Amino acid sequence: MKPHIHPDYRLVLFHDTAADAFFLVGSTIKSDRRYTWQDGKEYPYVSLDVSSQSHSFYTGKQKQVSSEGSVARFNKRFGAFSSKKES
């Protein structure tokens, strides 16, 4: 391998702000912010909006999609207008 062309791989602390969950993971992401973790060591800090702790797919709190189709929904809402025939 060529020297000095690869980014530094180190432990980085990711914080999911939606679920207030922390993840200590190896990464090459750059960050100017630092945070002292539970072990007393200081790590680069990156905040996240969504992770597996807050995403609806992983938490099981997904919205249920209506079982009726969009055409049926449209006809239910606006079917009365189309049934009137002009003479």
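**Aromatic residues and their strands**

Modeller: Phe74, Phe78 and Phe81 make a nonpolar surface patch of about 340 Å². Such a patch joins nonpolar side chains (Val, Leu, Ile, Met, Phe, Trp, Tyr) within 5 Å, from residues with over 30% relative accessible area and no salt bridge; like charges are joined within 9 Å. Phe74 has its place in helix α2, residues 70-83. The model is a predicted one: local features need pLDDT of at least 70, side-chain atom pairs count only at pLDDT 80 or more, and totals for chains, interfaces and linings use all residues. Residues are numbered from 1 along each chain as its sequence is written, and side-chain values use heavy atoms, with hydrogens and water left out.

For the setting, the chain has two helices and four strands, arranged from the N terminus as β-β-β-β-α-α. These elements are DSSP runs numbered from the N terminus (helices H or I, at least four residues; strands E, at least two). Of the 87 residues, 16% count as buried, that is, under 20% relative accessible area, with exposed meaning over 50% and partly exposed in between (1.4 Å probe, protein chains only). The chain exposes about 7700 Å², of which carbon and sulfur atoms supply 52%; areas follow the Shrake-Rupley method with a 1.4 Å probe, and for residues only the protein chains shown count as cover. Among contacts (heavy atoms within 4.5 Å) with a separation of 6 or more, 34% come from residues 24 or more positions apart.

Five of the seven residues of β1 (residues 10-16) are buried, so the strand is largely enclosed by the rest of the structure. Strand β1 pairs with β2 (residues 21-27) in the antiparallel sense over seven bridges, where pairing requires that DSSP find at least two bridges between the strands. Within this pairing, Arg10 faces Ser27 of β2, and Phe14 stands opposite Phe23, also of β2. Four residues lie between the strands of the β1-β2 hairpin, and in this hairpin Asp20 takes a positive phi near 55 degrees. With β4 (residues 42-48), β1 forms a parallel pairing over four bridges, and Asp16 stands opposite Leu48 of β4.

His15, in strand β1, counts as buried at 10% relative accessibility. Leaving aside residues up to four places away in sequence, His15 touches Asp20, Ala21, Phe22, Tyr45, Val46, Ser47 and Leu48. The C-alpha atoms of His15 and Val50 are 9.3 Å apart, although 35 residues separate the two along the chain.

A search of the whole structure finds four aromatic pairs. Rings of Phe, Tyr and Trp (its six-membered ring) pair if their centres lie within 6.5 Å, with planes under 30 degrees apart counted as stacked, over 60 as edge-to-face and the rest as tilted. Phe22 and Tyr35 form a stacked pair, at 5.3 Å centre to centre and 20 degrees between the planes. Phe22 lies in β2 and Tyr35 in β3 (residues 34-36), so this pair ties together parts that are 13 residues apart in sequence. Phe22 is partly exposed at 25% relative accessibility, and Tyr35 is likewise partly exposed, at 35%. Phe22 also forms a tilted pair with Trp37, at 5.6 Å between centres and 50 degrees between planes. Trp37 lies in the loop between β3 and β4 and Phe22 in β2, so this pair links parts 15 residues apart in sequence. Ring pairs join Phe22, Tyr35, Trp37 and Tyr45 into a cluster.

The charged side chains complete the picture. The structure holds one salt bridge, defined as a side-chain nitrogen of Lys or Arg within 4 Å of a carboxyl oxygen of Asp or Glu. Arg34 and Glu42 form this salt bridge, with the closest N and O atoms 3.1 Å apart. Arg34 is partly exposed, with a relative accessible area of 46%, and Glu42 is partly exposed at 47%.
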